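Reader: Please take me through the labels used for this model, and set each value against its cut-off.

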Amino acid sequence: MRDLTKALFEHLMTDSSLPLNILGCDIDPLLIQRAQETNTHRDRLAYAALDIMAESAQERLSDYLGKFNSTKFDVVFCFSTTMWIHLQNGDAGLKRFLHETASRTRYMLIEPQPWKCYRSAMRRLKKLDCDGFSNFKNLKMRSTIEEDIGKYLADACCMTAIEEFGTTDWGRKLTLFKNNS
C-alpha cells in the first residue's frame with residue numbers, strides 16, 4: 001500500500017504545476033502505521049486507517065476534503081478492494097460502496113477482481129478450516145462481476161468508462177471511469 005501510494009505521488013509530482021494531495025486509505029491499521037512511518041511527504045501525502053463501509057469513514061473523508069474546500073476527490077483508485085467489500089457486505093454493500101465512492105470523485109480507476117479470485121479466496125479459507133464469508137452463498141453478482149460493476153457504475157452512478165488500461169499481472173482489468181453528474 002505505502003509503496004504504490006508513494007510511487008504514484010512521486011510520479012504525479014514530476015509535473016510540479018499540479019496542486020497534488022493524496023490520501024491513502026486501508027482497513028489495516030498496521031499497513032497505515034508502516035506507511036506513515038516512512039512518509040517523507042507529510043505535507044501533501046496522508047494515510048488513514050478506515051473501514052470505508054463504516055459511517056465514520058464518510059465523515060473522515062468529508063473532513064479531509066474540507067481542508068481543500070472540496071466535496072470531491074479528483075481521482076479515486078480502487079485496487080484489489082471490490083471482492084473483499086463484496087464478500088463482507090454482499091451485493092447491496094458493494095453497490096453502496098460503488099455509489100458512495102462515485103459520488104465523491106470526478107474519476108475512478110478501478111481494478112475489480114474477477115469471479116475466479118472469489119473462488120480462490122473461498123478455497124484458501126476452506127483449507128484453513130475457516131467458516132468463510134456468510135454472504136458468499138447469497139451473492140447474485142457472480143461470474144460476470146467485472147461487467148456487473150461497470151454496468152452499475154454506468155447505470156446507477158452516472159459514470160462512463162473512458163479508458164481501459166489492459167490487465168495487471170494478476171489478470172485483472174484496469175478501467176478509468178468519469179463521473180458525468
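Author: This is a predicted model. Start with Cys158, which lies in the loop between H6 and strand E5 (159–167). Phi of Cys158 is near 55°, a positive value in a residue other than glycine.

Reader: Why is Cys158 called partly exposed?

Author: The relative accessible area of Cys158 is 40%. Buried means under 20% and exposed over 50%, with partly exposed in between, so Cys158 is partly exposed.

Reader: What makes the pair of Trp84 and Phe133 tilted?

Author: A pair of aromatic rings is described by the distance of the centres and the angle of the planes. For Trp84 and Phe133 the centres are 6.0 Å apart and the planes are at 55°. Rings pair if their centres lie within 6.5 Å, and planes under 30 degrees apart count as stacked, over 60 as edge-to-face and the rest as tilted. The distance therefore makes Trp84 and Phe133 a pair, and the angle makes the pair tilted. By this rule the model has six aromatic pairs.

Reader: How do you know that this pair links distant parts of the chain?

Author: Trp84 belongs to helix H4 (residues 82–103), whereas Phe133 is in the loop between helix H5 (115–127) and helix H6 (145–155); the two are 49 residues apart.

Reader: Is Phe133 buried or exposed?

Author: Phe133 has a relative accessible area of 14%; the limit for buried is under 20%, so Phe133 is buried. Trp84, at 35%, is partly exposed.

Reader: What makes H4 and H6 roughly parallel?

Author: The axes of H4 and H6 cross at roughly 25° and come within 10 Å. The limit for roughly parallel is under 35 degrees, so H4 and H6 are roughly parallel to each other. This crossing is right-handed. The H4 residues that meet H6 include Leu94, Leu98 and Ala102, and those in H6 include Ile149 and Tyr152.

Note on methods: Residues numbered from 1 in each chain as written. Predicted model: local features only at pLDDT ≥ 70, side-chain atom pairs only at ≥ 80, totals over all residues. Heavy atoms only, no water. Helix = DSSP H or I, 4+ residues; strand = E, 2+ residues; numbered from the N terminus. Buried < 20%, exposed > 50% of the residue type's maximum accessible area, 1.4 Å probe, protein only. Axes fitted to C-alpha atoms, helices over the stretch in contact; angles between N-to-C directions. Parallel < 35°, antiparallel > 145°, perpendicular 65-115°, else oblique. Left-handed = near helix turned anticlockwise from the far one by under 90°. Contact = heavy atoms within 4.5 Å.
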